[in-house]
Amino acid sequence: MSRTQVGIVGAGPAGLTLGQLLHREGIETIILEDRSRHYVEHRVRAGVLEQGTVDLLTELGVGERMRREGMVHHGIELRFGGRGHRIPLSDLTGGRAITLYGQQEVVKDLIAARLESGAPLLFEVDDVGLHGVEDDHPVIRYRHDGAEDELACDVIAGCDGYHGICRPSLPDGVLTVYEREYPHAWLGILADVAPSTEELIYCHSDRGFALHSMRSPEVSRLYLQVDPDEDIADWPDERIWEELQRRFDTEDGWTLRSGPTLEKGITPMRSVVAEPMQHGRLYLAGDAVHIVPPTGAKGLNLAVSDVRYLAAALVEWYRSGDDSGLQAYTATCLRRVWRAQHFSQWMTSMLHRPQHDPGGYERRLQLAQLEYVCSSGAAAASLAENYVGWEPSPIPSRA
Ligand code: FAD
Ligand code: DHB
């Protein structure tokens, strides 16, 4: 039997950031990851970092490569009806910005810092199981290198993503799950070609949604709305580029540069929140407890926000025995979580071609909303505030 203070399940952005936050405060952690290091460092996913995420990674001493290679953006384009409209994010948010830097690069930087610190991070663990979460002596059982081990912890942090084992290990009846399925999926490609745009383009078209993003001055990241049951085998590169060009087309003839694809895949879209985010000595964070559709680029940022609150509460508890931050963990996180839920489903419903829209009413509503966002300062400022990352402040009540 080994022992640690905080047992962390999952080496994604949530688990690795939590490990780093606690390590610098002298709190012992062990991170258990069921995949290989190579796998987690090459899994292509999100790319938009909010200002708060960038600031935290910098403060943690893992921001050096991100500062060099990340691309700071001060605006995004909304394209609809064959025309582009810029939302000046920084002008509307007192100078805040987003940074384009691949999730797997964040993960690489965090893993490098963890290994350098000498704190334990085990890859390719099997059969992870949680025990004693409801009493004061939680234990994680797992196998590593063919041997079984038991890890006694004060607290377990479930950072093992949507398909992990932490959330399902809670007894029936503890969690209330709120969810929404969408009749859409995203076909995403990474392509070895210079971006055709300086800023991200979120494009509404009669053929469906398309998004132009990027990873560097030489690598583009693009997404297409497709049906959830679509097979990637039916999408050879030429078909993807042709469809992207048609959706992004403008009145004055916009040209999309194409190139060899480095990676492609289809991701379903859903919204899920499980409440509460804690039970006994188990605290859930990130995708392990909530999922957003990717249209607002919130998933990764929310995962980082959860563990920032969790780390602060744990530090207080270890330092003074005060568990009020831990008790309030769910309530503290849920304000941002539900704001991001709303924003992500709002962006999704404004930009994706509806599955059923017999008379075209939904499409007209979308266009009305897009026109409003692009012509009202107040509406644009609200989009911008959410996009760069909303920080909750106290809700004023009447005196
Ligand atoms: P994860 O990154 O999922 O990390 C969880 C870790 O736990 C993983 O490394 C996993 O291998 C590990 N794990 C799982 N089970 C176990 C176990 N039993 N034992 C030990 N370890 C375990 N967001 C955006 O904003 N934009 C996007 O374009 C975007 N694209 C996405 C594409 C895909 C295919 C997916 C799945 C998600 C995407 N997201 C996107 C969401 C974003 O990537 C996530 O919100 C983010 O990864 C959440 O971080 P996390 O650390 O909570 O979870
Ligand atoms: C990217 C992903 C998103 O979900 C998004 O809204 C914008 C950009 C990206 O992968 O670059």
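This is a predicted model: local features need pLDDT of at least 70, side-chain atom pairs count only at pLDDT 80 or more; totals for chains, interfaces and linings use all residues.
The side chain of Ser213 has an N or O atom 2.6 Å from an oxygen atom of ligand 2. Pro294 takes part through its backbone, with a polar atom there lying 2.6 Å from an oxygen atom of the ligand. For Thr295, the distance between a backbone N or O atom and an oxygen atom of ligand 2 is 3.5 Å. On its own, ligand 2 has 290 Å² of accessible area, and the protein covers 97% of it.

Attention now turns to ligand 1. A shell of 31 residues lies around ligand 1, with Ala14, Glu33, Arg43, Gln103 and Asp287 coming nearest. These shell residues fall into 15 nonpolar, 8 polar and 8 charged. The backbone is again a source of contacts: an N or O atom in the backbone of Ala14 is found 2.9 Å from an oxygen atom of ligand 1. A polar backbone atom of Asp34 sits 3.2 Å from a nitrogen atom of ligand 1, while one of Leu300 is 3.4 Å from an oxygen atom of the ligand. Two or more residues of the shell around ligand 1 come from each of helix H1 (13-23) and helix H8. The largest share is that of H8, which gives 3 residues to this shell.

Helix H8 also takes part in a helix pair. Packing of two helices is described by the angle between their axes and by the distance between those axes. Helix H3, formed by residues 51-59, packs with helix H8, formed by residues 299-320, at an angle of about 55 degrees, and their axes are 10 Å apart. The two helices, H3 and H8, are therefore oblique to each other. Their crossing is left-handed.

A second pair is made by helix H10 (residues 329-351) and helix H12 (residues 377-388), which pack at an angle of about 120 degrees with 11 Å between their axes. This angle makes H10 oblique to H12. For H10 and H12, too, the crossing is left-handed.

Two details of the backbone complete the description. Most peptide bonds are trans, and most residues other than glycine have a negative phi. Against that background, the bond between Glu275 and Pro276 is a cis peptide bond, with omega of about -5 degrees. Pro276 belongs to the loop that lies between strand S18 (261-275) and strand S19 (278-279). The other detail concerns Asp127, a residue other than glycine whose phi is positive, near 50 degrees. Asp127 is located in strand S10, which spans residues 126-131.

Note on methods: Residues are numbered from 1 along each chain as its sequence is written. Chains are lettered from A and ligands numbered from 1 in the order in which they are written. Side-chain values use heavy atoms; hydrogens and water are left out. A polar contact is a pair of N or O atoms within 3.5 Å; within protein, one must be able to donate a hydrogen and the other to accept it, and residues adjacent in sequence count only if both atoms are side-chain atoms. Accessible areas come from the Shrake-Rupley method with a 1.4 Å probe; for residues, only the protein chains shown count as cover. Axes are lines fitted to C-alpha atoms, for helices over the stretch in contact, and angles run from 0 to 180 degrees between N-to-C directions. Helices (H or I, at least four residues) and strands (E, at least two) are DSSP runs, numbered from the N terminus. Angles under 35 degrees count as roughly parallel, over 145 as roughly antiparallel, 65 to 115 as roughly perpendicular and the rest as oblique. A crossing is left-handed if the near helix is turned anticlockwise from the far one by less than a right angle, and right-handed if clockwise. A residue is near a molecule or strand if one of its heavy atoms lies within 4 Å of it. Ala, Val, Leu, Ile, Met, Phe, Trp, Tyr, Cys and Pro count as nonpolar, Asp, Glu, Lys and Arg as charged, and the others, Gly among them, as polar.
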